[in-house]
Amino acid sequence: MVLLGEKVGLTRTVDPNAEPVPLDHVKRHLRIVGGQDDTYLSDVIIPAARDAAESYCDRAFINQTWEETFDKFPPSEFTLWKPPLSSITSIKYLDADGVSQTLATTVYASHKNREYGLGKVTLKYQQTWPTIRAIDEAVTILYVAGYGASYTSVP
């Protein structure tokens, strides 16, 4: 469990490649005929609506990459705060000498919480977290959150 104050930042680093609602569905719902507004709907309205809905629901709909920083390794597990977790891309940390290192996947396991979709990162059996430099944002987890790559994946 991550204690309050250990999580430092959460930033989207790669936007989704698709939208959870296709243009033709939006046009049908709004009763728009013709293509004069297609660019505006696709480039402005649909992404803004997705951002608002994702913010309100506090989750990612279409796969997107997030970076979450922490000040230290936890006693037992990390909780990743942008659900639903799809995969861990990397865990990087600053070692005691201040050199950036990538944590081997043999050290940790990722888990998806079935009820809320929050991801967890735990140590594998008989593994320990490495020693890190005692500075802010010493640990960075890069991960993919979302239900899938297309609108058909979103429940």
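Close-up 1. At 44% relative accessibility, Asp58 is partly exposed; buried means under 20% relative accessible area, exposed over 50%, and partly exposed in between (1.4 Å probe, protein chains only). The model is predicted: local features need pLDDT of at least 70, side-chain atom pairs count only at pLDDT 80 or more, and totals for chains, interfaces and linings use all residues. Residues are numbered from 1 along each chain as its sequence is written, and side-chain values use heavy atoms, with hydrogens and water left out. Asp58 sits in the loop between α2 and β2 (64–70). Helices (H or I, at least four residues) and strands (E, at least two) are DSSP runs, numbered from the N terminus. Setting aside neighbours within four places in sequence, Asp58 is in contact with Trp81, Lys82 and Pro83; contact means heavy atoms within 4.5 Å. Asp58 and Pro84 lie 26 residues apart in sequence, and their C-alpha atoms are 9.7 Å apart in space.

Close-up 2. A salt bridge is a side-chain nitrogen of Lys or Arg within 4 Å of a carboxyl oxygen of Asp or Glu. Arg12 is partly exposed at 24% relative accessibility. Asp15 is partly exposed at 48%, as is Asp51 at 34%.

**Close-up 3. The salt bridge between Lys120 and Glu77.** The closest N and O atoms of this pair are 3.7 Å apart. Lys120 in strand β7 (residues 119–123) and Glu77 in strand β3 (residues 77–80) are 43 residues apart, so the pair links distant parts of the chain. Lys120 counts as partly exposed, with 30% relative accessibility. Glu77 counts as buried, at 18%.

**Close-up 4. The salt-bridge network.** Salt bridges with shared partners join Arg12, Asp15, Glu19, Arg50, Asp51 and Glu54 into one network. The structure holds nine salt bridges.

**Close-up 5. A nonpolar surface patch of Tyr40, Val44 and Ile45.** Together these residues have about 260 Å² of accessible area, computed by the Shrake-Rupley method with a 1.4 Å probe; for residues, only the protein chains shown count as cover. Patch residues have over 30% relative accessible area and no salt bridge; like charges are joined within 9 Å, nonpolar side chains (Val, Leu, Ile, Met, Phe, Trp, Tyr) within 5 Å. Tyr40 belongs to helix α2 (residues 38–57).
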